[in-house]
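Subject: A structure for you to explore

Hi there,

Here is the structure I promised to pass on. Have a look around first, then read my notes below.

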Amino acid sequence: MTAKEQIDKNRLPEHLAVIMDGNGRWAKQKGLFRSLGHENGTKAVREIVEACAEINIPFLTLYAFSTENWNRPKLEVELLMKLLVSSLKKEIKTLQDNNIKLNAIGNLEALPKKAQQELKDVIDKTKNNSRMTLTLALSYGSREEIIKTIKEISHKVKNNLISPQNIDETVINNHLYTQNLPDVDLLIRTSGEQRISNFLLWQIAYAELYFTETLWPDYRKNHLFEAILNYQNRERRFGKTSEQLK
Ligand code: IPE
Ligand code: IPE
Ligand code: MG
């Protein structure tokens, strides 16, 4: 049986998040410019989006550009922004064909105007799609998101719209960029790095973490199916004992 056939359809992660890492090293290994690593990474994005749609994962979130990535060389940042625009133009068909709705999280106003427009356009065109929500984390940093959340809630407290005693997990969830998304169930990071890099710190509180050596441009559907099988072999206890779950 293939990995895909072994997947238990009743125990899929509802929300899968991916830190797509290793484009630069992939290029370096081949003696190519980093830009070619990023370009080849878009192929992996299409594969993974399609794979998730095939097995019916309802929410997929991809870390595409972090708040810290603005500190990369200017040329690389420019290339990544251009690649974002061209990929959105090209992939709208994949999204429509697979009934996928596009969503974005992060400090989107920091993106170049052209990228903001293209993003808005694709989000608008796919807004009635219902099979899966694909969220791109762009200019996203979890600490920035938490600061934004605290500011918004403080403002409401100051204006007597909410009392401090009533601040709970739901209130916080409702002010995060991810307000319409469930908690992350499975977080995958490629390229062998074992860190979170400021991604969804609040939302991964109880996520299963999966690290793989594969570099992002080499990541294919089967790698994803293997990761899901690995996830399905774990026991998620949420603080309880194993016996309580039976
Ligand atoms: C991930 O690949 C893409 C982005 C962070 C935008 P990297 O560019 O980080 O690749 P490595 O880590 O240098 O190999
Ligand atoms: C994290 O990758 C951000 C994205 C994948 C978009 P980085 O390659 O920027 O992470 P660090 O800085 O090495 O941790
Ligand atoms: Mg990296």
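**What I found**

T133 is buried, with a relative accessible area of 14%; buried means under 20%, exposed over 50% and partly exposed in between, using a 1.4 Å probe and the protein chains only. Before going on, please note that this is a predicted model, where local features need pLDDT of at least 70 and side-chain atom pairs count only at pLDDT 80 or more, while totals for chains, interfaces and linings use all residues. Residues are numbered from 1 along each chain as its sequence is written, chains are lettered from A and ligands numbered from 1 in the order in which they are written, and side-chain values use heavy atoms, leaving out hydrogens and water.

Back to T133, which sits in strand β4 (residues 132-140). Helices (H or I, at least four residues) and strands (E, at least two) are DSSP runs, numbered from the N terminus. Which residues is T133 in contact with, leaving aside its neighbours within four places in sequence? They are P58, F59, L60, K101, N103 and L181, where contact means heavy atoms within 4.5 Å.

Q232 is buried, at a relative accessible area of 7%. Its side chain reaches the backbone oxygen of D8 at 2.8 Å. If we again skip residues up to four places away in sequence, Q232 touches Q6, I7, D8, R11 and L12.

Is L32 buried or partly exposed? L32 counts as partly exposed, because its relative accessibility is 35%. You will find L32 in the loop between α2 (23-29) and α3 (34-55). Not counting residues up to four places away in sequence, L32 touches W26 and A27.

Now for the whole protein. There are nine helices and six strands, and buried residues make up 46% of the 246 residues. Along its principal axes, the C-alpha trace spans about 55 × 50 × 35 Å. Of the contacts with a separation of 6 or more, 77% come from residues 24 or more positions apart.

Enjoy exploring!

Technical notes
Polar contact = N/O pair within 3.5 Å; in protein donor to acceptor, adjacent residues only side chain to side chain.
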